Protein chains: 2
Amino acid sequence: MTDPSANEGVNQQVYLKQVPEGIAGPDDFEVRSAPMPEIGPGEVLVAAHYLGVDAALRLIVRDSDEFLFRVRPGDLVRGSMAGQVIESNHSDYQVGDYVLASQGVQNYAVSNGDDLEKCDVSQAPLSAWLGGFGVSGLTAYFAITEECKPQPGQTVLVNGAAGAVGSIAGQIARLAGARVIGLTSSTEKCRWLTETLGYDVAINYKEGNLYERLAEAAPDRLDVIFDNVGGTILDESLKLIAMRGVVLLCGSTSQYAAETMTGPNNYIWLGTMRARMQGFVIFDYADRYAEARARMARWIASGDLKLAEHVVDGDVADFPRAFQQLYEGQNLGKMLVRLPAGR
Amino acid sequence: MTDPSANEGVNQQVYLKQVPEGIAGPDDFEVRSAPMPEIGPGEVLVAAHYLGVDAALRLIVRDSDEFLFRVRPGDLVRGSMAGQVIESNHSDYQVGDYVLASQGVQNYAVSNGDDLEKCDVSQAPLSAWLGGFGVSGLTAYFAITEECKPQPGQTVLVNGAAGAVGSIAGQIARLAGARVIGLTSSTEKCRWLTETLGYDVAINYKEGNLYERLAEAAPDRLDVIFDNVGGTILDESLKLIAMRGVVLLCGSTSQYAAETMTGPNNYIWLGTMRARMQGFVIFDYADRYAEARARMARWIASGDLKLAEHVVDGDVADFPRAFQQLYEGQNLGKMLVRLPAGR
């Protein structure tokens, strides 16, 4: 833990040092200190209160140009922050406004406004705008309500059920009347899924024969597989896809750190079962975010939806460790670093 | 070649001898001779004129109970025949009627009528009812017109373009106004695809860098991938799927003989491109076969659609060799064995 005032006036930044092998950890990143930036005409200065820790970062630090937004050794690490405007030469932004910014992993962002999104903290706390009320939650919302559309009584499997997106996807599927099964990596997380989030069944995929346990939990097969994991877990699930089922691909975290990515060997079941596996990108729903947030705010108020956060109190230099913990599965819900300015 | 009268009164049958390794060949099957069967009340005796040779047989002879209709060592090999009713105790069938039957690989079938389908040979020759006018052609028809729905000007890739299903799928996609690219296994077959079937581009996947050649042929990416091959070919194609593209799975012939099946490692592109990969089973369209055949008959009459057949003249004992040739890629269109009764 750091003294909140220790780094005032200094902009700590996290750079990629090398292409990681396996799970990325502190050795793969370098923390640098820069002077606090100055803004020009039309620009805004944002002080970060929270940094979002996103699994997809592991994909874009790979030694491959196949993926968008690649971060190379020597580059500032990409990432989102939630913070407050502390200086403004932009008519749309006032000092004190709460905003999301996409200016990488650092204390301060200089923006012309293009990447900023205002956060109404009366609707949800600032941290939630990086998680359940931000891209993670909106992804879960539109994935379930628009892409998967589970019907009451259908069975929905959430792979990566305790993560930032999965923890919300499962709850929304339950609100749609589905029977929800979650896969996660520990008995403790299983208990949290069933006792706190209302999952019908939770399975620790590290114990026993995954296929057999899944088959037992889903006697009527799986109408929806919400997958943000890929690998063996997706593969075993696929054998249980129901007739005309949907496999929604929301990420492939098991593959991001793999030397060679492997696909679902059991894809042949899609044919037999007339099922479909489909991609989905949240930005296609950008003009409906407000509608989704209004509905989610009502569910939160009624207690039907819980936005879980795993907050690491620290400073920018703690980001690499938090990222490693994310891949070790230590989080319940969205992983965030809370900076001194946010405490 | 055999003397058409040599085996009269004898029912030759093909049994599975052992679970094949790699491509199945004559050593994996056993030919037995049985007396000509006799029919009981309500039954029909069919003499086969043609045997269909289907790639999917390789899947169901695997040492696995995962797939439907498994054929085990010692079982009569499953398969379809087109032939003529030669005795009938069934009011719906008269001697002389042309029918399809699903009674395995043999000269004669005894049926209670449940598996029979009448063939109107004024609409298409009997052999076509096992191929372009049968399940293969209907699969291509509904896959393209109902599942993929390519729009004029879109790009369609057919993997396995010279096969029974692919050769028709490509032509129907062209009739829908799409630009059609075919992948096949020889220069000779490439020439046939472009010169006879009207494919816009044909690529021999055995030559050069497949991804680069595909990327060059599809500068606007692939709106539809019609796949009945799987494996590397599907994997390389996937990297070129267009935004909101469709990958239609109509089979995975490259995987049927593989010791361990492997899936599409590049499935992650479905996510990025908001694309979908979906299964399809022709029997779901059973109540629309007549409509499809009527439309296909018009295309055949106008010269817009060609039904290609690769006919091996022989007897039932030649089935295993024909099956091996199918996996060696020797066929243009549907592989059939024409029996003495059909000559």
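This is a predicted model: local features need pLDDT of at least 70, side-chain atom pairs count only at pLDDT 80 or more; totals for chains, interfaces and linings use all residues.
**The interface**

The contact draws 32 residues from chain A and 32 residues from chain B. The size of an interface is often expressed as the accessible area lost when the parts come together. Here, about 2,500 Å² is buried between chain A and chain B, with carbon and sulfur atoms contributing 59% of that area. On the chain A side, A:Y267, A:I268 and A:R274 supply 25% of the area that chain A buries against chain B, more than any other three residues.

The rule finds four salt bridges between chain A and chain B. In one of them, B:D284 pairs with A:R244. Across the interface of chain A and chain B there are also 11 residue pairs in polar contact, both residues being at pLDDT 80 or more. Several elements of chain A each supply at least two residues of the side that touches chain B: helix 6 (231–238), strand 12 (241–249), helix 7 (253–256), helix 8 (268–272) and strand 13 (276–278). Helix 8 of chain A gives the most to this side, with five residues. By class, the side of chain A that touches chain B comprises 15 nonpolar, 11 polar and six charged residues.

Strand pairing also links the two chains. Strand 13 of chain A and strand 13 of chain B (residues 276–278) run antiparallel and are joined by three bridges. Within this arrangement, A:R276 stands opposite B:Q278 in strand 13 of chain B.

**Two individual residues**

B:Q12 is located in strand 1 (residues 10–16) of chain B. Because its relative accessible area is 10%, under the 20% limit, B:Q12 counts as buried. A polar atom of the B:Q12 side chain lies 3.5 Å from the backbone nitrogen of B:A317.

A:S122, by contrast, belongs to the loop between strand 7 (117–118) and helix 2 (135–148) of chain A. Its relative accessibility is 68%, over the 50% limit, and A:S122 is therefore exposed. The side chain of A:S122 makes a polar contact with the side chain of A:D120. A:H90 is 32 residues away from A:S122 along the chain, and the C-alpha atoms of the two are separated by 23 Å.

The table lists atom-pair distances for the residues named above.

| Residue pair | Atoms | Distance |
|---|---|---|
| B:D284 and A:R244 | closest N and O atoms of the salt bridge | 2.9 Å |
| B:Q12 and B:A317 | side-chain polar atom and backbone nitrogen | 3.5 Å |
| A:S122 and A:D120 | side chains, polar contact | 2.5 Å |

Conventions:
Residues are numbered from 1 along each chain as its sequence is written. Chains are lettered from A and ligands numbered from 1 in the order in which they are written. Side-chain values use heavy atoms; hydrogens and water are left out. Contact means heavy atoms within 4.5 Å. Buried area is the accessible area (1.4 Å probe) that two parts lose on being put together, summed over both. A salt bridge is a side-chain nitrogen of Lys or Arg within 4 Å of a carboxyl oxygen of Asp or Glu. A polar contact is a pair of N or O atoms within 3.5 Å; within protein, one must be able to donate a hydrogen and the other to accept it, and residues adjacent in sequence count only if both atoms are side-chain atoms. Helices (H or I, at least four residues) and strands (E, at least two) are DSSP runs, numbered from the N terminus. Ala, Val, Leu, Ile, Met, Phe, Trp, Tyr, Cys and Pro count as nonpolar, Asp, Glu, Lys and Arg as charged, and the others, Gly among them, as polar. Two strands pair if DSSP finds at least two bridges between them. Buried means under 20% relative accessible area, exposed over 50%, partly exposed in between (1.4 Å probe, protein chains only).
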